[in-house]
Amino acid sequence: MIRGLVSNDCFDDAVDFYSLMRSEGFLPNNFTFPFVLKACARLLDLQLGVKIHTLVVKAGFHYDVFVKTSLVCLYAKCGFLEDAHKVFDDIPKKNVVSWTTIISAYIGVGKSREAIDMFRRLLETNLVPDSFTVVRVLSACTQLGDINCGEWIHKWIMEMGMVRNIFVATSLVDVYAKCGNMEKARGVFDGMPEKDIVTWGAMIQAYALNGLPREAMDLLFQMQRENVKPECYSVVGVLSACTRLGALELGEWASGLVDRNEFLCSLIVGTALIDLYAKYGNMAWAWEVFKGMKEKDRVVWNAIISGLAMNGYVKISFGLFGQVEKKGIKPDGNTFIGLLCGCTHAGLVDEDMQYFNSMDRVFSLTLIVEHYGCMVDLLSRAGLLDEAHQMIRNMPMEANAIVWGALLGACRMHRDTQLAELVLKQLIELEPWNSRNHVLLSNIYSTNLKWDEAAMIRLSMNEKGIQKLQRCSWIKVHGIVHEFFVGDKYHPLLEKINAKLDELTKKMKVAGYIPTTDYVLFDIEEEENEHFLGCHGEKLAIALGLISTPHKGSEKP
């Protein structure tokens with residue numbers, strides 16, 4: 001009876017039934033103890049668990065491997081890992097389940113390195129881990145981002161012939177993907193003789209998370225060709241890919257692969273769809289999805305609050321934040337990132353400062369670098385460069401390149417070359433491989449007539465082999481994606497594109513526009529500088545969009 005209750009997750013009833021059993025004078029045996037201890041572990045009832053441990057010893061079952069393994073699980077679940085390890089060490093003849101339990105215990109408290117060390121100890125015995133053990137230790141490699149460890153376990157898996165196991169292979173795909181090695185992840189995926197929807201979903205998600213949206217979409221199409229119906233996680237990966245590509249129509253089509261009621265009941269699919277619509281600027285559709293969702297957790301609320309804030313509906317996002325509090329949902333750091341970013345784009349300095357200060361004082365949340373980054377960005381945009389710089393210096397952690405980059409943007413906007421020089425030196429220290437920072441610092445030296453310093457920067461770039469990276473802009477026209485680089489001369493419609501740019505430039509100059517040629521490129525003359533500014537990839541892409549889009553009446557840029 002106790003076993004049946006535990007198997008059906010009726011843990012309170014199982015404990016009550018155990019108490020009834022004891023009150024009637026029945027003594028548990030080695031079959032009873034593991035199930036009632038499992039109930040205690042799930043209920044985190046350490047007090048009863050310790051009493052049962054005492055009875056285990058008195059009844060002479062303290063050498064039983066199944067009972068002792070259940071005690072290991074109890075102490076680990078209740079947060080007493082040291083006691084769990086002591087019980088584990090006392091097991092005279094450990095089995096694979098015992099080893100898997102202690103490995104899982106270490107993973108459960110974030111001690112992944114110790115979990116891997118326990119796996120190494122397991123391999124030194126005569127026991128052969130099963131697929132569940134291997135999946136658990138691979139999850140430890142994923143948590144650590146340790147690809148070397150993953151490769152070592154992969155080699156062992158190959159030697160043991162376990163790579164054909166679908167769960168093990170899927171975990172290997174996850175390890176390589178999370179470590180950023182998509183080539184090896186795809187190699188494992190392609191080598192699997194059998195794939196389930198979880199495997200397909202893991203690979204699609206991996207491509208999306210590693211910034212390879214096109215590959216994610218290609219895999220979805222391959223999945224369909226093989227008549228495999230996508231499930232929620234596959235669709236989430238595709239929606240993430242569509243968000244990166246800006247492919248709204250494709251995202252809508254992908255969401256249609258899952259029944260509407262299913263995605264409205266799925267927190268992860270609904271959230272991904274809200275994110276897609278929000279990043280595409282269609283908050284009306286994002287709001288419809290949000291309203292239609294059967295259940296809303298904090299992540300869903302964060303998605304709609306961030307979407308509204310980033311699309312200019314800052315006051316509405318403030319109102320939703322108030323509803324979150326009224327519903328008893330505790331906001332987290334991501335909630336405030338959305339609010340702070342919204343305030344930044346709306347230029348609401350006072351409101352931003354109020355939310356920023358309330359994180360620690362009201363909600364007891366730990367501020368991370370992203371929160372400080374939002375504040376630095378806001379102060380910088382508002383022209384409060386000294387205050388922004390002071391905030392960076394007062395941060396409890398080291399500022400990253402994104403934070404310093406926000407201040408740099410303001411330095412360029414407000415022409416503060418002195419502060420920009422300091423910022424760029426910090427950025428070069430953080431990102432020595434980023435050619436853009438070297439080029440901008442050289443520009444500033446040239447602007448301030450510091451020719452020797454500018455020459456030293458160029459010389460340093462040459463010595464270190466740092467090349468100026470070509471950045472591209474792209475636009476999708478009639479389903480085809482077109483890419484443009486600065487000064488691009490190879491597009492088949494280049495003549496028409498340049499004609500449109502000339503037309504727009506003349507109209508803008510008549511309206512009083514004067515091109516800003518500062519910091520475009522170094523080592524070229526002002527007239528050339530203005531030419532390259534006019535041939536910027538973004539402008540070429542926009543011009544193609546204009547000549548490819550039919551307009552009624554007068555042309556509107």
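Aspartate 45 is in contact with Cys40, Leu74 and Cys78, its neighbours within four places in sequence being left aside. The model is predicted. Aspartate 45 lies in the loop between helix H3 (32–43) and helix H4 (46–58). Its relative accessibility is 28%, so the residue counts as partly exposed. The side chain of aspartate 45 reaches the backbone nitrogen of leucine 48 at 3.1 Å. Valine 15 is 30 residues away from aspartate 45 in sequence. In space, the C-alpha atoms of aspartate 45 and valine 15 are 9.9 Å apart.

The protein as a whole contains 32 helices and two strands. Of its 557 residues, 46% are buried. Among contacts with a separation of 6 or more, 59% join residues 24 or more positions apart.

Helix H20 was examined next. H20 comprises 13 residues. From first C-alpha to last, H20 reaches 18 Å, close to the 18 Å expected at 1.5 Å a residue. At the start of the helix, a side-chain oxygen of aspartate 297 comes to within 3.2 Å of the backbone nitrogen of valine 299. Glycine 312 follows H20. The phi of glycine 312 is positive, near 95 degrees.

The buried residues of H20 are Val300, Trp301, Asn302, Ala303, Ile304, Ile305, Gly307, Leu308 and Ala309. These buried residues pack against helix H18 (267–279), helix H19 (283–292), helix H21 (314–326) and H22.

The packing of H20 on H22 was then considered. Two packed helices are described by the angle between their axes and the distance between the axes. H20 (residues 298–310) and H22 (residues 333–346) pack at an angle of about 5 degrees. Their axes are 8 Å apart. Angles under 35 degrees count as roughly parallel, and H20 and H22 are therefore roughly parallel to each other. On the H20 side, the contact is made by Arg298, Asn302, Ile305, Ser306, Ala309 and Met310. H22 contributes Asn334, Thr335, Gly338, Leu339, Cys341, Gly342 and His345. By class, five residues of this contact are nonpolar, seven are polar and one is charged. Asn302, Ile305 and Ala309 of H20 take part in the contact with H22, and these residues are also listed as buried.

Key:
Residues numbered from 1 in each chain as written. Predicted model: local features only at pLDDT ≥ 70, side-chain atom pairs only at ≥ 80, totals over all residues. Heavy atoms only, no water. Axes fitted to C-alpha atoms, helices over the stretch in contact; angles between N-to-C directions. Helix = DSSP H or I, 4+ residues; strand = E, 2+ residues; numbered from the N terminus. Parallel < 35°, antiparallel > 145°, perpendicular 65-115°, else oblique. Contact = heavy atoms within 4.5 Å. Nonpolar A, V, L, I, M, F, W, Y, C, P; charged D, E, K, R; others polar. Expected span 1.5 Å × (residues − 1). Buried < 20%, exposed > 50% of the residue type's maximum accessible area, 1.4 Å probe, protein only. Polar contact = N/O pair within 3.5 Å; in protein donor to acceptor, adjacent residues only side chain to side chain.
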